[in-house]
Amino acid sequence: MQPSRLVLILTGITAGIMFLEGRYFLHWLTVLAFGVTLAIILFGMELGLPAVGLFREENRGEKRNEVKALAKIIKRAEKGKTARSIIEERIIEAYASASDNYNETFSSLRSNPNEALRALRRGGNFMENLEEALRIMEDDMNED
């Protein structure tokens, strides 16, 4: 439920109780309870309280998965150097994750690129270079 809907529902409930119940004490008690609840909702979202985190956009069912993010990066890599460097980092991370010593492999591939990274860095059509680099990477992973 969105916070704006929750605030509207609480406002309706508060107004309903105030009009239905004629006692002065209950009017103020209802307003006080509404104010505390509203403060928890609004300030809790700003402070990042876990109970209020249920209302955040990223906690909804429409999470952006990693495959879609990588597809977008690959699409942008045809024109931009930053996206190309992100793809290169992902390939290096994959090689480092597959090795026994992550840190050593990561640093050695950054300073001395292997065949897949050289194929990726080659000039020309980036998409063809990426396909070739991924084929080389797949062969290297299957050998191990």
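1. Start with H3 and H4: their crossing is left-handed (the near helix is turned anticlockwise from the far one by less than a right angle; clockwise would be right-handed). Keep in mind that this is a predicted model, where local features need pLDDT of at least 70 and side-chain atom pairs count only at pLDDT 80 or more, while totals for chains, interfaces and linings use all residues. Residues are numbered from 1 along each chain as its sequence is written, and side-chain values use heavy atoms, with hydrogens and water left out.

2. H3 and H4 pack at an angle of about 130°, with axes 8 Å apart. Axes here are lines fitted to C-alpha atoms, for helices over the stretch in contact, and angles run from 0 to 180 degrees between N-to-C directions. That makes H3 oblique to H4 (under 35 degrees is roughly parallel, over 145 roughly antiparallel, 65 to 115 roughly perpendicular, and the rest oblique). On the H3 side, the touching residues include Leu70, Ile73 and Ile74, and on the H4 side they include Ile86, Ile87 and Arg90 (contact means heavy atoms within 4.5 Å).

3. Now follow H4 (residues 81–98) to H5 (residues 102–111): these two pack at about 140°, again with axes 8 Å apart. Helices are DSSP runs (H or I, at least four residues), numbered from the N terminus. H4 and H5 are therefore oblique to each other, and H4 passes H5 in a right-handed crossing. Among the contact residues are Ile92, Tyr95 and Ala96 of H4, plus Phe106 and Leu109 of H5.

4. H7 is next: the axes of H4 and H7 come within 11 Å and cross at roughly 5°. That makes H4 roughly parallel to H7. Their contact includes Ile87, Ile91 and Ala94 of H4 and Leu130 and Met137 of H7. By class, the residues divide into 10 nonpolar, no polar and 2 charged (Ala, Val, Leu, Ile, Met, Phe, Trp, Tyr, Cys and Pro count as nonpolar, Asp, Glu, Lys and Arg as charged, and the others, Gly among them, as polar).

5. Have a look at the pocket too. Which residues line the largest pocket? They are Leu70, Ile74, Ile87, Arg90, Ile91, Ala94, Leu130, Leu134 and Met137. Helices H3 (66–77), H4 and H7 (126–143) each give two or more residues to that lining, and H4 provides the largest share, 4 residues. The lining has 8 nonpolar, no polar and 1 charged residue.

Key: On a 1 Å grid over the protein atoms alone, a cavity is a set of points where a 1.4 Å probe fits but cannot get out, and a pocket is an open set with protein on both sides within 12 Å along at least five of seven lines; lining residues have an atom within 4 Å of a point.
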